[in-house]
Amino acid sequence: MKKVFYLSTCDTCKRILGKLSLPEDMILQDIKKEHISEADLELLQKNTRSYEILLNKRAKKYTEEGLKDENLSEEEIKSYILSHYTYLKRPIFIFEDKIFIGNDKQTVDALKSFFNE
């Protein structure tokens, strides 16, 4: 699979995508327009071994709903991610057996090294 889950209205996602030389066959999925499927989410979980790694804890909705104060189970986290795009950490790049999650400096540097070789 060669896919990017991103948010087209997110300046950080746009900035990161603009810095990369992605292959032409890379699928870009705007998660606001086309929510992540349960199958794709399960694939990500299988490779990361955790839904929590995929959870966007900086989302406004996450703090507004008091989720930061709760001890959510993996199934609850999965349910939240499937219920609204804002709960999915972004961007997420899948390139065959490699997965890059989020926008921290280390991840962005790894993406640049991987895609701009």
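**Figure 1. Lys57 and its partner Glu52 in the predicted model.** Lys57 is partly exposed in this predicted model, with a relative accessible area of 39%. Its side chain forms a salt bridge with Glu52, and the closest N and O atoms of the two are 2.7 Å apart. Glu52 counts as partly exposed too, because its relative accessibility is 38%. Both values fall in the band between the 20% limit for buried residues and the 50% limit for exposed ones.

**Figure 2. Lys2 and Asp25 meet across the sequence.** Here Lys2 forms a salt bridge with Asp25, with 2.9 Å between the closest N and O atoms. This pair links distant parts of the chain: Lys2 belongs to strand β1 (residues 2–6), while Asp25 sits in the loop between α1 (11–18) and β2 (27–30), and the two are 23 residues apart. How accessible is Lys2, in relative terms? Lys2 has 22% relative accessibility, so it counts as partly exposed. Asp25 is partly exposed as well, with a relative accessible area of 46%.

**Figure 3. Lys78 and Glu42 tie two helices together by a salt bridge.** Lys78 forms a salt bridge with Glu42, and the closest N and O atoms lie 2.8 Å apart. Once again the pair links distant parts of the chain, with Lys78 in helix α4 and Glu42 in helix α2, 36 residues apart. Is Lys78 buried or exposed? Lys78 is buried, since its relative accessible area is 9%, and the limit for that class is 20%.

**Figure 4. Charged side chains over the whole chain.** As a general point, side chains of opposite charge can pair when their charged atoms come close. The count of salt bridges in this model comes to ten. The protein chain carries 20 positive and 21 negative side chains, and the centres of these two sets lie 6 Å apart.

Figure 5. Most residues other than glycine have a negative phi. Arg49 has a phi near 65°, a positive value in a residue other than glycine. You will find Arg49 in the loop between α2 (38–48) and α3 (60–64). Arg49 counts as exposed because its relative accessibility is 70%, where the class begins over 50%. Glu96 is not a glycine either, yet its phi is positive at about 55°. Glu96 lies in the loop between β3 and β4 (98–101).

**Figure 6. A cis peptide bond at Pro91.** Most peptide bonds are trans. The bond that joins Arg90 and Pro91 is cis, with omega at about -10°. Where does Pro91 lie? Pro91 has its place in the loop between α4 (74–83) and β3 (92–95).

**Figure 7. Thr107 and the residues it touches.** Thr107 is part of helix α5 (residues 105–115). With 12% relative accessibility, Thr107 counts as buried. Which residues does Thr107 touch, leaving aside those up to four places away in sequence? They are Phe100, Ile101 and Gly102.

**Figure 8. Ser37 and its distance to Leu54.** Ser37 lies in the loop between β2 and α2. Ser37 has 31% relative accessibility, so it counts as partly exposed. Leu54 is 17 residues from Ser37 along the chain, and 14 Å separates their C-alpha atoms.

**Figure 9. Stepping back to the whole fold.** The protein chain has five helices and four strands, and along the sequence they follow the pattern β-α-β-α-α-α-β-β-α. Its C-alpha atoms fill a box of roughly 40 × 25 × 25 Å along the principal axes. Among contacts between residues at least 6 apart in sequence, 63% join residues at least 24 apart. The accessible surface comes to about 6,900 Å², and 44% of it belongs to carbon and sulfur atoms.

How values were computed: Residues are numbered from 1 along each chain as its sequence is written. This is a predicted model: local features need pLDDT of at least 70, side-chain atom pairs count only at pLDDT 80 or more; totals for chains, interfaces and linings use all residues. Side-chain values use heavy atoms; hydrogens and water are left out. Buried means under 20% relative accessible area, exposed over 50%, partly exposed in between (1.4 Å probe, protein chains only). Contact means heavy atoms within 4.5 Å. Accessible areas come from the Shrake-Rupley method with a 1.4 Å probe; for residues, only the protein chains shown count as cover. Lys and Arg count as positive and Asp and Glu as negative; His and the chain ends are not counted. The place of a charge is taken as NZ of Lys, CZ of Arg, CG of Asp or CD of Glu. A salt bridge is a side-chain nitrogen of Lys or Arg within 4 Å of a carboxyl oxygen of Asp or Glu.
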